[in-house]
Each structure stands twice: as structure tokens, then as C-alpha cells.
Amino acid sequence: MARTQGSRAEITGPLVRDAALRLFARHGYAAVSMRQIAAAVGVQAGALYAYTPDKQALLANLLTDHMENLLAAWKDGPDAPPLERLEAFVRFHIAYSLDHADAVFLSYLELRNLSPA
């Protein structure tokens, strides 16, 4: 099938990920189909496979990216007193969770849907 007029890989790829993240967080991984993700992006279902091998890989990629971004964002002050470090971590955790609510929700509840591999 032909590419949708005006679509570009560098634009469509992130849209696929954003739509999947939003739909998985709202409805649950098991309840969301690749067709629903495609419809949310405005592409044919088959076009999604240019960006991910399957739904399982898409979920794994979303969870991995979330954890990598979370760890990269955390800046610890190892020389600070323990209570100060704990307070800084709690503030960071709350702020990050609020700013990335769908990714945090997905990490907490949908990790179980990954296959052992």
C-alpha cells in the first residue's frame, strides 16, 4: 500500500510511540490493538511494522526508553547528607512522575505483559 501523502518516517515514528504510550496507559496493553494505534496516528495498520516488529517489541521499547530517560534525568549529590539526598530524590520522583504520568503508569502496570525473552 502506498505511503500516506505527507507522511515522513522521522515524524511518524515518534507519533506511533506517543499514540501507543497514550493508548496503553489509558486502556491497558492487552486491550489495545495495532489497528487502534495506527488509527490514532492516521496510518494503515501495516505501516506500523516499519517502526516496530510487533506490539510486544513496541511495549518493551517504551518501557526501556522510560527507564533510560528516568535514570539519565536523576542527578544525585553523593556528598550531601543522607536526609538531604532522600528529600532530593523524593522531590525528583514526584516531579518526574507528574511530568511523565503515562510512562510511569505503563512501567508500573504493564511490565508484566512482557514475555520472558
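A residue is called buried when its relative accessible area is under 20%, exposed when that area is over 50%, and partly exposed in between, as computed with a 1.4 Å probe on protein chains only. The model examined here is predicted, so that local features need pLDDT of at least 70 and side-chain atom pairs count only at pLDDT 80 or more, while totals for chains, interfaces and linings use all residues. Residues are numbered from 1 along each chain as its sequence is written, and side-chain values use heavy atoms, with hydrogens and water left out.

Four aromatic pairs are present in the structure, where rings of Phe, Tyr and Trp (its six-membered ring) pair if their centres lie within 6.5 Å, and planes under 30 degrees apart count as stacked, over 60 as edge-to-face and the rest as tilted. The pair of Trp74 and Phe89 is edge-to-face, because the ring centres lie 5.4 Å apart and the planes stand at 90°. Since Trp74 lies in the loop between α3 (55-73) and α4 (82-99) and Phe89 in helix α4, this pair ties together parts that are 15 residues apart in sequence; helices here are DSSP runs (H or I, at least four residues), numbered from the N terminus. Trp74 is partly exposed, at 24% relative accessible area, and Phe89 is also partly exposed, at 38%.

Trp74 also pairs with Phe92, with centres 5.2 Å apart and planes at 45°, so this pair is tilted. Phe92 is buried, with a relative accessibility of 17%. Through ring pairs, Trp74, Phe89, Phe92 and Tyr96 are linked into a cluster.

How values were computed:
Helices (H or I, at least four residues) and strands (E, at least two) are DSSP runs, numbered from the N terminus.
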